[in-house]
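Here is a friendly walk through one protein model, from its core out to its loops. Have the viewer open as you read.

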Amino acid sequence: MKNIKEFTGNFLSEIGEIAQFTRRFFREILKPKQEFGEFFHQCYWVGYKTLPLVGTTAFIMGLVLTIQSRPTLVEFGAQSMLPAMVSVSLIREISPVITALICAGKIGSGMGAELGSMRVTEQIDAMEVSGTNPFKYLVITRVMAAMFMLPVLSSLSNAISLYGGFMGVNIRGMVSWNLYWTQVFDALSYGDLIPSLIKTFFFGFSIGIIGCYKGYHSKKGTEGVGRSATSAVVLASLLVFIIDLIAVQISDILGLT
């Protein structure tokens, strides 16, 4: 019972600290001056450096999903529906969520480790003493970069995974390029694309906030840096699933599914 109370207390305490951290983010973002140079630098690292991993995963994801789905559709004589089924599955759920999880692992852990190292080596304290606003320079630029680059990475992942689906369709059959993409776009609607794109902004925001929070409040030397990176991945991944669940419920209520 004592352990349960302690765990609950620590959990609620951390939720409150994250809420305060998020509140400070919205308060600081409105203050001048904006660190555009650091923001674009972080966009380069968050977007461009993550693209090869996201692209490779997206291609394999589309290819494997198509190959695995084909036998079931053939059994029911509905193999002609394969491009439509794969495209809707990828665009609505699989591609955005998998992209966000990859970014949670790479970006979230990177932010946690980088800011954690700066905290334990007192670089952040030195910035505060020198009159620089470390929160604005380190946290806001990273969160904004993650929030803006996640939709870009997700859109590219959608396109690459659909191309992987085209390759998968033609492994055991023969579907022309024009016919495949005609079936894909006929199956998709704005109700599939818009919610999928909007929720990636929230994915990026949650990954950035959690990664920066864990690193910014890192303690206990190098051991704390490792814990910050690990816990940032776990908590950011959990938030991705929670946000996705909420987004699906909202889309269903609005009749977009």
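## The nonpolar cores

The largest nonpolar core has 40 residues, and Phe 21, Phe 25 and Val 139 make the most contacts inside it. A nonpolar core here is a set of buried Ala, Val, Leu, Ile, Met, Phe, Trp, Tyr and Cys residues joined through side-chain atoms within 4.5 Å. Buried means under 20% relative accessible area, exposed over 50%, and partly exposed in between, with a 1.4 Å probe and protein chains only. At least two residues of this core come from each of helix H1 (2-28), helix H2 (36-48), helix H4 (82-120), helix H5 (123-129), helix H6 (134-172), helix H8 (190-216) and helix H9 (221-253). H6 gives the largest share, 12 residues. Apart from this core lies another, of 16 residues, including Val 86, Val 88, Tyr 180 and Val 184.

What does Phe 21 touch, not counting residues up to four places away in sequence? Its partners are Phe 135, Val 139, Ile 209, Cys 212, Tyr 213, Tyr 216 and His 217. Contact means heavy atoms within 4.5 Å.

## How to read the model

This is a predicted model, in which local features need pLDDT of at least 70 and side-chain atom pairs count only at pLDDT 80 or more, while totals for chains, interfaces and linings use all residues. Residues are numbered from 1 along each chain as its sequence is written, and side-chain values use heavy atoms, leaving out hydrogens and water.

## Overall fold

The protein chain has nine helices and zero strands, so listing its elements from the N terminus on gives α-α-α-α-α-α-α-α-α, where helices (H or I, at least four residues) and strands (E, at least two) are DSSP runs numbered from the N terminus. Along the principal axes, the C-alpha atoms fill a box of roughly 70 × 50 × 35 Å.

Of the 257 residues in the protein chain, 44% are buried. Among contacts with a separation of 6 or more, 83% link residues 24 or more positions apart.

## Helices side by side

For helix pairs, axes are lines fitted to C-alpha atoms over the stretch in contact, and angles run from 0 to 180 degrees between N-to-C directions. Angles under 35 degrees count as roughly parallel, over 145 as roughly antiparallel, 65 to 115 as roughly perpendicular and the rest as oblique. A crossing is left-handed if the near helix is turned anticlockwise from the far one by less than a right angle, and right-handed if clockwise.

H4 and H9 pack at about 150° with their axes 8 Å apart, which means that H4 is roughly antiparallel to H9. Their crossing is right-handed. The axes of H6 and H8 come within 8 Å and cross at roughly 150°, again with a right-handed crossing. Among the residues that make this contact are Phe 135, Leu 138, Val 139 and Met 147 of H6, and Phe 201, Gly 204, Ile 209 and Cys 212 of H8.

## H2 against H6

H2 and H6 have axes 8 Å apart and an angle of about 45°, which makes H2 oblique to H6. H2 passes H6 in a right-handed crossing. The H2 side of the contact is Glu 38, Phe 39, Gln 42, Cys 43, Val 46 and Gly 47, and the H6 side includes Tyr 137, Thr 141, Arg 142 and Ala 145.

Is Gln 42 buried or exposed? This residue of helix H2 counts as buried, at 7% relative accessibility. Leaving out residues up to four places away in sequence, Gln 42 touches Gly 47, Thr 141, Arg 142 and Ala 145.

## Cysteines

A search of the whole structure finds zero disulfides, a disulfide being a pair of cysteine sulfur atoms within 2.5 Å. For Cys 43, the nearest cysteine sulfur is that of Cys 103, 12 Å away. Cys 43 is buried at 11% relative accessibility, and Cys 103 is buried at 0%.

## Two loop details

A cis peptide bond joins Pro 32 and Lys 33, with omega about -5°. Lys 33 sits in the loop between H1 and H2.

In the loop between H4 and H5 you will find Glu 122. Its phi is near 65°, a positive value in a residue other than glycine. Glu 122 is exposed, with a relative accessible area of 52%.
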